[in-house]
Amino acid sequence: MIDTQAIFLSLQLAFCTLLIILPFGIWLAHHLVSAGKWKPWLEGLLALPLVLPPTVLGYYLLVGFSGKTLFGEPLVFSFLGILIASLIVNLPFAIQPIQRAFEAIPTALKEAAEVCGLSAWQIFYRINLPLAWRGVLSAAVLTFAHTLGEFGVILMIGGAIPGKTKTASIAIYDQVQSFDTQGAGMLSLLLLGISLCAIAISYGFFGSSSQLRAPRIR
Amino acid sequence: MLKVRIHSQSHGNRHHPSIPLEINLSCAAGELHALVGPSGSGKTTALRTIAGLHQPELGLIECAGEIWFEGLSANQALINFSPAQRSCGFLFQQYALFPHLSALHNVAIALENSGLPKSTRIAQSQAWLERMALGQFADRLPAQLSGGQQQRVALARALARNPKVLLLDEPFSAIDNPTRQNLYRILAELRQDLAIPIVLVTHDLREANLLADNITVIDHGIGLQTAAPNELFQKPRNSRVAELVGIPNVFNGVFNAGRLDWPPNNWFFDVLDKGKIPPASPVAWVIPQDGLMVHAQAAPTFLPARVETLSSIGQIAVVRFSVGNSKESLVWEASSAEIKRLGIHLGSAVFLEFDANKIHIMPLRTINDPRRLLPAG
C-alpha cells in the first residue's frame, strides 16, 4: 500500500520550501556577488549544511528550537519546524547556482545599463534577473529534489508524525523497519520518478546538463 | 561644451584596474576630441570617469553648463552625479548589448526613464534603428547580428537618450575595413546633425588624425598635450609626445640662449624660442620634412651625410642618412624624380641643409606637478 499522505506531505514541504527560498535566495545571491571582504565567510556559512552531517545539524536545530514557538506553532515536531529546517539545509542548493549565474554576467552590461539611465532596481529585474534565469531554474530543481530526499534533519526535528512530519523518505525507512518492502519499493519508485522528471524538465530547458549551473551569456 | 579636469591616484577595482590620472581637456559642442595613447595609458579610464563609472579624487567635470563632478580633496566629492544622472551616450568597446533583448528593445531601454509613453519610446527606438540602416533587424537578438550591426545598435542605444556628450571607446578596434568606412560616414553625419561634444578613445593615431578636431595624447594616465592634429605633429610639446605620435627625426641637443648644439655632430643652429627654456638645457628637437634640403655639392653651412638605406615605393622614396661622424640617422622622404636628379644611391655622400626656422625644440619631458589641479588658495 503506497503512503499517499507521506507523498503529499513531501510535495507540500518541497513547494513551501521553494516558495520561500527562491525569492530569498535571489535576494541574497545578488548581494553576495558584491559582498566585499566578508564574502568568503558568508559563503562558508551558507555552505555549511553541505558538509555538516544531517544529524549534527538536526541536533543543533532540535536544541535551539526546543520549547520555542512561531505564530503560535511549536518549532519541534511540527510542519513549521521541518519547513524551517528544510529552508536551512537547502540554502546552499538554492543560493550557489543563482550566485554563479549573477557572477557570470559581464560587468560591462551592468555599466551599460547604468549609462542607459536605469535605476538599481531596474538593472536587477530588467537585466540581471532575466540573464540569471537558468541559475534560478537550476536552484529550483536542486532544492525541490533535495527536499524530497531529505531525511536526517527532518527526522531529528520532526520525528515521524503521520500527516504532520512523516515525509516520504521517512515513510520509506519506517516501512523497511516494519518489513513492508513492497510499500517501501513503490514509494521509492515514485520518489525516483518525481526526481527524474524534475531534472529531465530542467535539462530540457537548458539543452544539456553541462549548462545546469552556468547561464549562457552571448 | 564638455570640460574635464581630473586627478586621481586610485587604482580602480578588480574588474577595471586603473592607473593614476591627470587629465585636462575641453571639447566644444560639435567637436570630435580624440584621446590617444598606448595600451594601458589610461584613455579608457578617462572616458569612464566622464561617464561616472570611475570616480576621480580631485577635479571638475562639467557638461553643457551642468557640473557632474566636483571634488576638492580626496574622497570628498562635493558633487558626484551617478552614471544615470549624467546624460552620456557611451559606446562600449565590446558594445555591451543586452543579450536577452532584441535590437529594438536594446535601444528602447535607454528611454525607459524618459517619461515618454511606451508607444513613443518604441517609435523613437525604431527611428534610430532605421537611421543606422537596421530597421529590418529590429526583432533580432544581438547574437543574430554581425559585429558591425551590433555596433550600430549600440550606437543607436547611446544616442537614443539625446545625450549631452557622446563617448566612444575604441569603436574601430574590432571591425573590418568596410564596416570601419561605414562607421566613419555615420560619425561624420552625426557630427553635423548633433551639436554635442564627442570624445573618442583610440590607440590608432592615424585614425585620430583623420577624424578628430583635437587630440589629447595620454601616457601613464597623464595628458601630455592637447592640440589640433597638425600642430601636434609639427610642434610636439616634448620628446615623449614626439615619440608617441611617431614623429621621425627627433634628436637630442643642448639649448643655450638661441643656440642649439647638436653635440654628436659638433654642429649648431641658431634657433629662436619663446624664452621658456632655461639656459644650457638638454632638449629634444625635431626637423620637419620641409625644413630639410638635400644637396649633392658641399657648402660650409651643409652637414655631410651618407645614404644608409634607400627604399622606393611607387613614386615615393624613403632615404635614411647617417649624419656626420655620429651614429644618428635621419629619415627623408622625397619623390623618385628628386632622388634621380640628385643621383643618390646606396652609400653615396650628400650634404644636408637645415632650415633653422623650422626646427622645433622641446623639453625632454613636461614637468608633472599634480598640485596645479588644486583650486587656487
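Reader: Which are the buried residues of α5(A)?

Author: They are Leu109(A), Lys110(A), Glu111(A), Ala112(A), Ala113(A), Glu114(A) and Val115(A), where buried means that 20 or more other C-beta atoms lie within 10 Å of a residue's own, exposed means 12 or fewer, and partly exposed is in between, with C-beta atoms placed from the backbone. Helices (H or I, at least four residues) and strands (E, at least two) are DSSP runs numbered from the N terminus. Please keep in mind that this is a predicted model, in which local features need pLDDT of at least 70, side-chain atom pairs count only at pLDDT 80 or more, and totals for chains, interfaces and linings use all residues. Residues are numbered from 1 along each chain as its sequence is written, while chains are lettered from A and ligands numbered from 1 in the order in which they are written.

Reader: Why is helix α5 of chain A largely enclosed, and what covers its buried residues?

Author: Helix α5 (residues 107-115) of chain A has 7 of its 9 residues buried, so the rest of the structure largely encloses it. The cover includes α6 (120-131) of chain A, together with α1 (43-51) and β7 of chain B. After α5(A) comes Gly117(A), which has a positive phi near 90°.

Reader: How many residues does each chain bring to the contact?

Author: Chain B gives 21 residues and chain A gives 18, two residues being in contact if their C-beta atoms, placed from the backbone, lie within 7 Å. On the side of chain B that touches chain A there are 14 nonpolar, 4 polar and 3 charged residues; here Ala, Val, Leu, Ile, Met, Phe, Trp, Tyr, Cys and Pro count as nonpolar, Asp, Glu, Lys and Arg as charged, and the others, Gly among them, as polar.

Reader: What about the largest nonpolar core, and which residues have the most contacts inside it?

Author: That core has 138 residues, and those with the most contacts inside it are Ile98(A), Ile157(A), Ile50(B), Val107(B) and Leu167(B). A nonpolar core is a set of buried Ala, Val, Leu, Ile, Met, Phe, Trp, Tyr and Cys residues joined through C-beta atoms within 7 Å. Helix α4 (residues 79-103) of chain A gives the most to this core, with 11 residues. Apart from it lies another core of 11 residues, among them Phe321(B) and Leu330(B). Leaving aside neighbours within four places in sequence, the contacts of Leu167(B) include Leu47(B), Ile50(B), Phe90(B) and Val199(B).

Reader: Changing topic, in what order do the 5 strands of the open sheet in chain B come?

Author: The order is β14-β13-β12-β15-β21, with antiparallel pairing, and two strands pair if DSSP finds at least two bridges between them. β14 and β21 (360-363) of chain B are at the edges with a single partner strand each, so one side of each has no neighbour in the sheet. Within the sheet, 4 bridges join β13 (residues 259-262) to β14 (residues 267-270) in chain B, and Leu260(B) stands opposite Phe269(B). Leu260(B) is also the bridge partner of Phe255(B).

Reader: Is Tyr95(B) buried or exposed, and which is Phe71(A)?

Author: Tyr95(B) counts as buried because it has 23 C-beta neighbours inside 10 Å, whereas Phe71(A) has 5 and therefore counts as exposed. Neither is a glycine, yet phi is positive in each, about 70° for Tyr95(B) and about 50° for Phe71(A).
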